[in-house]
Amino acid sequence: MTYKLEFPSSRVRKQYETFLASFESEKRQTIAEEIEDLQNNPRPRGCEKIKDDIYRIRFGVWRVVYRIYKKEKVVAIAKIGKRREGFYKEFR
């Protein structure tokens with residue numbers, strides 16, 4: 001089952017670009033592929049369900065929070081950032 005990967009706002013797209021830029025070239029490519037692979041497997045090994053259809057995957061101190069829209073077959077990236085107190089507040 002293939003899903004469409006979406007960045008619902010320019011803010012989230014900018015977070016994604018900043019996130020990728022923080023890694024070395026080789027690691028950046030691996031992480032970009034893992035995020036793009038959410039299209040094929042929106043619940044990869046190691047993902048954590050936050051609430052309802054909201055999940056997160058982690059890369060070191062970084063978190064990628066996304067929502068799965070099953071009917072529309074869409075994975076929407078909701079937030080990307082470093083883990084800190086209150087990071088998930090808006091999702092719980």
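Where does Pro42 lie? Pro42 sits in the loop between H2 and S2. The model is predicted.

- Pro42 has a relative accessible area of 5%. Buried means under 20%, so Pro42 counts as buried.
- Val74 is 32 residues away from Pro42 in sequence. The C-alpha atoms of Pro42 and Val74 are 9.2 Å apart in space.

- Strand S2 spans residues 48-51 and strand S3 spans residues 54-59.
- S2 and S3 pair in the antiparallel sense, over three bridges.
- Lys51 stands opposite Ile54, which belongs to S3.
- The two strands form a hairpin with two residues between them.

**Asp52 in the turn**
- Asp52 is placed in the loop between S2 and S3.
- In this turn, Asp52 has a positive phi of about 40°.
- The relative accessibility of Asp52 is 53%. Exposed means over 50%, so Asp52 counts as exposed.
- Asn40 and Asp52 are 12 residues apart along the chain. Their C-alpha atoms are separated by 20 Å.

**The negative patch**
- Glu33, Glu34, Glu36 and Asp37 form a negative surface patch.
- Glu33, one of the patch residues, lies in helix H2, which covers residues 25-36.
- Glu33 has 47% relative accessibility, so Glu33 counts as partly exposed.

Notes. Residues numbered from 1 in each chain as written. Predicted model: local features only at pLDDT ≥ 70, side-chain atom pairs only at ≥ 80, totals over all residues. Heavy atoms only, no water. Patch = residues over 30% accessible without salt bridge, like charges linked within 9 Å, V, L, I, M, F, W, Y side chains within 5 Å. Areas by Shrake-Rupley, 256 points an atom, 1.4 Å probe, with all protein chains shown as cover. Salt bridge = Lys/Arg side-chain N within 4 Å of Asp/Glu carboxyl O. Lys, Arg positive; Asp, Glu negative; His and termini not counted. Charge placed at Lys NZ, Arg CZ, Asp CG, Glu CD. Helix = DSSP H or I, 4+ residues; strand = E, 2+ residues; numbered from the N terminus. Buried < 20%, exposed > 50% of the residue type's maximum accessible area, 1.4 Å probe, protein only. Pairing = 2+ DSSP bridges.
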